[in-house]
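I opened the model today and kept notes as I went. The entries below follow the order in which I looked things up.

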Amino acid sequence: MKAAVFIEPGKVEIQDLPKPTIQEPTDAIIRVVRASVCGSDLWWFRGISERPHNTPVGHEAIGVIEEVGADVKNVKAGDFVIVPFTHGCGHCAACLAGFDGNCLNAKEMGSSGFQAEYLRFTSADWALIKIPGQPSDYTDEQLNSFVTLADVMATGYHAAASAEVKAGDTVVVMGDGAVGLCGVLSAKLRGAKRIIAMSRHEDRQQLAREFGATDIIAERGDDAVAKVMELTDGGADAVLECVGTEQSVDTAVKVGRPGAVVGRVGVPQKAEMNTNNLFWRNIGLRGGIASVTTYDKAELLQAVLDGKINPGKVFTKQFALDDVQAAYDAMDQREAIKSLLIVEK
């Protein structure tokens, strides 16, 4: 089968790898229909974080199940599914509490990357999210939105849920990548009245407004803090941190009103953080790995099916699987907000 493989920083290529097989009774083999490149993939693509060379890549996909292990009862061959990057078992303390991204029984993230023609998915019985019907029943727009439910839409929603966004709130969203834009959409879905998107890129500003942003702030650092305070008269009720850099986290802590909660989903890029800044302003800090299966089953899949949200608009360029290098380059060079990979038409 064709699969995308990380060669070295700045280089991915399609290789012919063995088609995965069932290894555990909880596995499923999935024929990939569409996949995508994630902003977090750019960390190792750019050489900022370490990743073993010559390894399959990708963690966002939708597809059709070809085969399931003996212990898989809730889904079957022929089912059309969202394939989340999380592999929750559904019965450990973390999953039962709604935090399947931190499943206590997760052993591995699958035997092959999701940017491939086929993948093996672990903990298939509970973690896979069944979509009614088949891919042919849906428009391209709907299929694209389903792909976001494998990660970025659920991650943006996790930021909003962690920050306890509620009806009538004023919310600040740090980050204008796909996750940040989905954070804007999530804040709107949860009833926020005012949503301030921090963005300095015109195409992303435009989509942020389409998703529900009422204000745009292009400034950074102390200037951004001053602008938020001017707009809100004291700070936001909730802050969604969707970047992970030191400056973004620092700004997020400073733009909330006393008692606000920062929902943090940006992958941390620095180990140290001065938590005293939280103490002196009674700012809460929550967040982490998104609970993809939990949110998709509870709300997000139905919201897409009902047309309430269309997060697939974050895909501003699409590529054939064979053109995976171009898909990464487009995101790396900010020519695309998010790159879609068409694996099967």
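**Entry 1: a strand pair**

Which residue in β10 is the bridge partner of V172? I found that I196 in β10 is the bridge partner of V172. Before going on I noted that this is a predicted model, in which local features need pLDDT of at least 70 and side-chain atom pairs count only at pLDDT 80 or more, while totals for chains, interfaces and linings use all residues. I also noted that residues are numbered from 1 along each chain as its sequence is written, and that side-chain values use heavy atoms, with hydrogens and water left out.

For the names, helices (H or I, at least four residues) and strands (E, at least two) are DSSP runs, numbered from the N terminus. Two strands pair if DSSP finds at least two bridges between them. I looked up β9 and β10 and found 5 bridges joining them, with the strands running parallel.

**Entry 2: the sheet around β9**

I then traced the whole sheet, which is open, has 6 strands in the order β11-β10-β9-β12-β13-β14, and shows parallel pairing. At its edges I found β11 (215-217) and β14 (284-287), each of which pairs on one side only. Neighbouring strands here are turned by 20° against each other on average, direction ignored. (Axes are lines fitted to C-alpha atoms, for helices over the stretch in contact, and angles run from 0 to 180 degrees between N-to-C directions.)

Is β9 mostly covered or mostly open? I noted that 5 of its 5 residues are buried, so β9 is mostly covered. Buried means under 20% relative accessible area, exposed over 50%, and partly exposed in between (1.4 Å probe, protein chains only). On one side of β9 the buried residues are T170, V172 and M174, and on the other they are V171 and V173.

Helix α9 lies across β9, β10 (194-198), β12 (236-241) and β13, and runs at about 145° to β13.

How far apart are the axes of α8 and α9? I read 10 Å between the axes of α8 (residues 221-232) and α9 (residues 246-255), which pack at an angle of about 25°. That makes α8 roughly parallel to α9. (Angles under 35 degrees count as roughly parallel, over 145 as roughly antiparallel, 65 to 115 as roughly perpendicular and the rest as oblique.)

I listed the residues that make the contact (heavy atoms within 4.5 Å). They are G221, D222, A224, V225, V228 and M229 of α8, and Q247, T251, K254 and V255 of α9.

Among the buried residues of α5 are V152, Y157, H158 and S162.

Just after α5, E164 takes a positive phi of about 60°, although E164 is not a glycine. I wrote this down because most residues other than glycine have a negative phi. E164 is in the loop between α5 and β9 and counts as partly exposed, at 44% relative accessibility.

I placed D169 in the loop between α5 (152-162) and β9 (170-174). Leaving aside neighbours within four places in sequence, D169 is in contact with E164, G191, A192, K193, R194 and D237.

**Entry 3: another positive phi, and the other sheet**

I found a positive phi of about 60° at R334 too, which is not a glycine. R334 lies in the loop between α12 (324-332) and β16 (338-342), and R334 is partly exposed at 45% relative accessibility.

From there I followed α12, which lies across β1 and β2 and runs at about 160° to β2. These strands belong to an open sheet of 3 strands in the order β2-β1-β4, with antiparallel pairing. β2 (11-16) and β4 (55-56) stand at the edges with a single partner strand each, so one side of each is left without a neighbour in the sheet. I saw 2 bridges joining β1 (residues 2-8) to β4, and the two run antiparallel.
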